[in-house]
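Here is a short briefing on one protein structure. Look at the sequence and the model first, then read the points by topic.

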Amino acid sequence: MQATLNLIGSGHVARSLGRLWHRHGGIEVRDVLSRTASNAGAACDFIGGGRPVVHYADLAPADLILIATPDDQIADCCERLAAGGSIRPGTVVFHCSGSLPSSVLAPASACGAHTASIHPVRSFASPEQVVASFAGTWCGVEGNEAALAVLRPLFTGIGARLVDIDPAAKTVYHAAAVFACNYLVTLLDVAVQAYGHAGITQDVAMQMMAPLVRKTVEQAFAVGTADALSGPIARGDMATVARQQAAVASWDADKGALYALLAKETMALAQRKGSVNH
């Protein structure tokens with residue numbers, strides 16, 4: 001018999017995972033709850049199954065409940081599920097947030113549910129693309145072992161690669177992705193601004209940076225961050241670093257402070273590489 005799943009939320013995560021499980025079998029999408037019938041209906045249409053629902057009281061019992069709402073709504077949704085009687089002992093309640101631990105689902109645990117968090121490390125901006133390319137997606141996993149015993153095969157069945165994480169460090173875990181993705185883009189923008197200060201247009205700066213950045217990233221993934229490190233700090237040329245920091249600070253004080261902070265972190269990385277003598 002197929003396990004049954006209710007989805008709380010009708011956004012990109014709910015649609016993507018719902019369709020993947022519907023397509024691969026092993027789980028029956030039962031109800032999709034959203035604030036409006038039109039949103040719930042559109043989600044069901046994309047998934048290929050499920051019943052649109054707009055009230056917690058109308059949810060049918062299910063073996064699993066995925067709360068796929070924005071992070072700041074997860075705790076409230078869980079409380080409403082618990083208060084509405086939708087959670088039975090043994091129900092698996094989980095969310096896919098990267099920044100919140102499974103402990104945010106405490107109201108469900110109080111009802112006898114098993115709780116967990118499975119966080120796919122990828123963008124869900126396009127559900128169609130997610131469905132087409134989900135296989136190989138890394139997912140950070142933490143929570144109750146009884147819940148994970150159910151969820152692990154469901155996620156691996158759609159191609160996920162699971163890695164256990166420490167729930168106490170969940171926010172730092174999520175920040176890691178911000179460092180690797182969002183702040184990398186920010187650093188590239190700072191570089192464009194610095195080139196601009198030297199009289200180079202943005203279009204030309206981007207063309208100049210492209211081979212350098214691509215090769216650096218390829219090297220980092222090929223040999224590790226320490227061995228991929230190059231530049232003045234890796235060579236132990238601290239006089240050049242001092243001149244650059246002073247010049248950048250003279251141009252823009254905030255960016256000078258950023259340069260100094262990054263230089264400090266790069267010194268620590270270079271020490272791991274063994275490039276700096278003390």
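Contact means heavy atoms within 4.5 Å. Helices (H or I, at least four residues) and strands (E, at least two) are DSSP runs, numbered from the N terminus. The model is predicted: local features need pLDDT of at least 70 and side-chain atom pairs count only at pLDDT 80 or more, while totals for chains, interfaces and linings use all residues. Residues are numbered from 1 along each chain as its sequence is written, and side-chain values use heavy atoms, with hydrogens and water left out.

**The sheet**

- Eight strands form an open sheet with mixed pairing, in the order β3-β2-β1-β4-β5-β6-β7-β8; two strands pair if DSSP finds at least two bridges between them.
- At the edges are β3 and β8 (161–164), each of which pairs on one side only.
- On average, neighbouring strands of this sheet are turned by 25 degrees against each other, direction ignored.
- Strands β6 (residues 114–120) and β7 (residues 138–143) run antiparallel and are joined by five bridges.
- Ser 117 has Glu 142 in β7 as its bridge partner.

**Helices on the sheet**

- Helix α1 lies across β1, β2, β4 (64–67) and β5, and runs at about 165 degrees to β1; axes are lines fitted to C-alpha atoms, for helices over the stretch in contact, and angles run from 0 to 180 degrees between N-to-C directions.
- Helix α6 (residues 145–156) also packs on the sheet, where it touches β2, β4, β5, β6, β7 and β8. The direction of α6 makes about 35 degrees with that of β6.

**Helix α2 and the residue after it**

- In helix α2 (residues 37–47), the buried residues are Ala 40, Gly 41, Ala 43, Cys 44, Phe 46 and Ile 47. Buried means under 20% relative accessible area, exposed over 50%, and partly exposed in between (1.4 Å probe, protein chains only).
- The cover over these buried residues of α2 includes β1 (3–8), α1 (12–24), β2 (27–33), β3 (51–53) and α5 (127–133).
- Gly 48 follows α2 and has a positive phi, near 95 degrees. Gly 48 sits in the loop between α2 and β3.
- Gly 48 counts as partly exposed because its relative accessibility is 48%.
- Gly 48 and His 22 are 26 residues apart along the chain, and their C-alpha atoms are separated by 7.0 Å.

**Ser 102**

- The loop between β5 (92–95) and α4 (106–110) contains Ser 102.
- Ser 102 has 8% relative accessibility, so Ser 102 counts as buried.
- Leaving aside neighbours within four places in sequence, Ser 102 is in contact with His 95, Thr 115, Ala 116, Ser 117, Glu 142 and Gly 143.

**The pair α11 and α12**

- The axes of helix α11 (residues 238–251) and helix α12 (residues 253–273) come within 6 Å and cross at roughly 155 degrees.
- The two helices α11 and α12 are therefore roughly antiparallel to each other (angles under 35 degrees count as roughly parallel, over 145 as roughly antiparallel, 65 to 115 as roughly perpendicular and the rest as oblique).
- Residues making the contact include Met 238, Val 241 and Trp 251 of α11, and Ala 253, Lys 255 and Met 267 of α12.
- Gln 245 is found in α11 and counts as partly exposed because its relative accessibility is 25%.
- Not counting residues up to four places away in sequence, Gln 245 touches Gly 256, Tyr 259 and Ala 260. The C-alpha atoms of Gln 245 and Gly 256 are separated by 5.8 Å.
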